[in-house]
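This briefing goes through the local features of one model, grouped by topic. Please read it alongside the sequence and the coordinates.

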Amino acid sequence: MRRNRASLVAVGLAAGVLLAGGAIAAAPPTASAATVDTTAWYVLVARHSGKALDVYERATGDGARIVQWPRGDGIWQQWQFIDAGNGYYRLRSRHSGKVLDLRDSSTADGADVVQWTDVNRTSQQWRLADSDAGHVRLINRNSDKALDVWQRSTADGARISQWTDWNGTNQQWQLVRVDAPGAPTPTPTVPTPSPGTPTPTPGVPPGSYPDPMRVTGDTGVHDPSMIRRPTGGYLMAHTGNGVALKTSTDRVSFRNAGSVFPGGAPWTTPYTGGSRNLWAPDLSFHNNRYYLYYSASTFGSNRSAIFLATSSTGASGSWTDQGLVIESQSADNFNAIDPNLIVDDQGRWWLSFGSFWSGIKMIALDPGTGKRSGSALYSLAGRGGGAIEAPTLVKRGAYYYLYVSFDRCCQGAASTYRVMVGRSTSVTGPFTDRAGNQLTSGGGTQILAGHGGINGPGHQAVLADSDGDYLVYHYYAANGASLLGINRLGYDAAGWPFVY
């Protein structure tokens with residue numbers, strides 16, 4: 001839940017110090033701001049930007065990057081100071097249970113700060129040093145460097161690193177206690193953005209669509225979904241027999257890695273007519289497990305179904321099917337294919353899906369099971385029965401961005417797929433394009449289309465990586481082969497994404 005800033009009690013030099021029992025006592029002017037209650041939870045606010053220390057994308061895995069983000073006081077922005085002895089603390093995330101750490105225990109300036117399983121190594125230990133006006137610096141025991149917002153950035157999503165302690169304002173943090181006794185019950189707030197709202201990576205769109213970035217190896221894919229693994233490297237799922245898998249160590253070289261169901265998935269045959277080909281998987285990692293939503297159908301039919309499988313490793317053959325999530329019949333006005341999972345700012349789970357018929361739909365899921373919760377069916381986008389497919393929903397800054405593919409897939413070099421986007425401040429919409437047209441009425445802002453030898457790019461997914469966002473998609477070569485495309489995603493001054 002988002003909290004009203006006025007309702008929070010800050011721990012600061014001028015305000016006072018916290019006693020062991022949690023009470024707040026008046027403090028003389030010389031009191032130390034570096035006094036914490038190890039039973040409490042804090043939001044850490046950067047002095048130069050006013051933004052909070054945040055677990056990016058609410059990840060739960062080892063190695064997830066730490067960034068700054070507008071303060072909302074979600075549990076992914078709450079930290080507990082665990083006494084490590086000798087004046088040092090470990091900072092534990094309320095969201096994941098993991099602690100602040102330095103990637104590879106690096107001692108170098110600029111090294112990434114990440115979250116990692118608590119093993120109490122020195123790279124996970126921090127001491128507090130006073131600055132002024134109630135701000136502190138956090139100094140790492142392993143490197144003796146300070147927790148730092150990289151290059152003094154004020155942007156949403158700017159990475160957190162370590163740097164030589166120079167007492168810069170981008171190294172100074174206010175510790176804001178979010179569970180202080182007697183504090184008023186906070187009121188949830190919803191951001192009200194205006195044109196020109198800052199975005200994670202402002203920039204200028206290129207004058208023409210870029211070619212895909214260089215990829216090598218086994219790059220024949222259709223309907224790709226890719227994530228960065230908490231253990232390092234990348235895992236991709238895509239349409240294929242039993243749902244095909246690929247891996248990469250560097251986002252450049254890919255190799256085949258078997259399939260989710262190497263022995264087949266006979267429970268899907270009522271929807272596939274006996275084919276082993278399963279479509280359009282959506283891959284994600286939550287609660288220390290891999291989640292895979294996938295489609296079973298045949299061309300031109302809306303007798304379709306979306307199923308869920310989970311795995312602790314993501315490896316071929318390690319997946320357990322969790323059963324049916326939603327199905328559509330010939331009498332329905334929607335088509336249950338092309339799933340995409342999003343977890344919203346309140347921790348609620350949603351599944352968007354759809355193709356042709358009445359367009360893109362959404363249902364609520366139970367986070368405990370990953371299965372449908374309730375009977376509500378939301379409409380997100382449509383073209384009056386025309387060609388629209390492959391929803392992808394992501395949250396960036398104040399907006400939820402809905403990416404879809406317009407026009408025709410699966411016709412080789414004659415394919416006319418193109419990637420469109422709209423946005424909304426609510427996960428359930430309404431979504432509008434740059435011109436203000438609603439996506440439920442055919443609106444959409446185009447960000448990628450066929451050009452040169454790149455035919456029908458689409459069925460996109462968004463990869464949130466340590467160095468920014470990437471659009472992952474397939475396209476067709478002149479010989480009709482379906483290939484992997486990857487490009488960077490930027491955001492212009494008005495917050496609209498572009499491919500470069």
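Helices (H or I, at least four residues) and strands (E, at least two) are DSSP runs that are numbered from the N terminus. The model is a predicted one, in which local features need pLDDT of at least 70 and side-chain atom pairs count only at pLDDT 80 or more, whereas totals for chains, interfaces and linings use all residues. Residues are numbered from 1 along each chain as its sequence is written, and side-chain values use heavy atoms, with hydrogens and water left out.

**Pocket and cavities**

- On a 1 Å grid over the protein atoms alone, a cavity is a set of points where a 1.4 Å probe fits but cannot get out, while a pocket is an open set with protein on both sides within 12 Å along at least five of seven lines; lining residues have an atom within 4 Å of a point.
- Grid points are joined across faces, edges and corners, and a volume is the space filled by probe spheres set on the points.
- The largest pocket holds about 990 Å³ of space, and among its 46 lining residues E57, A59, I227, R228 and A464 lie nearest its centre.
- Strands that each supply at least two residues of this pocket's lining include β22 (277-286), β30 (388-396) and β34 (455-465).
- By class (Ala, Val, Leu, Ile, Met, Phe, Trp, Tyr, Cys and Pro nonpolar; Asp, Glu, Lys and Arg charged; the others, Gly among them, polar), the lining of the largest pocket has 20 nonpolar, twelve polar and 14 charged residues.
- There are two cavities of 30 Å³ or more, and the second largest cavity has a volume of about 80 Å³.
- The second largest cavity is lined by 13 residues, of which P339, P391, T392, H459 and Q460 lie nearest its centre, and β22, β30 and β34 each give at least two residues to that lining.
- The lining of the second largest cavity divides into seven nonpolar residues, five polar and one charged.

**Disulfide**

- The one disulfide of the structure, a disulfide being a pair of cysteine sulfur atoms within 2.5 Å, joins C409 to C410 with an S to S distance of 2.3 Å.
- The torsion about the S-S bond of C409 and C410 is about 70°, so the disulfide is right-handed.
- With buried meaning under 20% relative accessible area, exposed over 50% and partly exposed in between (1.4 Å probe, protein chains only), C409 counts as buried at 11%, whereas C410 counts as partly exposed at 40%.

**Charges over rings**

- A charge sits over a ring if NZ of Lys or CZ of Arg is within 6 Å of the ring centre and within 35 degrees of the ring normal.
- R251 lies over the face of Y470, at 3.9 Å from the ring centre, and the charged end of K395 sits over the ring of Y400, 4.8 Å from its centre.

**Backbone and loops**

- A cis peptide bond, with omega about 10°, joins G429 and P430, and P430 lies in the loop between β32 (418-424) and β33 (445-448).
- D223, which is not a glycine, has a positive phi near 60°; D223 lies in the loop between β16 and β17 and is buried, with a relative accessible area of 7%.
- W357 also is not a glycine and has a positive phi of about 40°; W357 is placed in the loop between β27 (349-353) and β28 (360-365) and is partly exposed at 30%.
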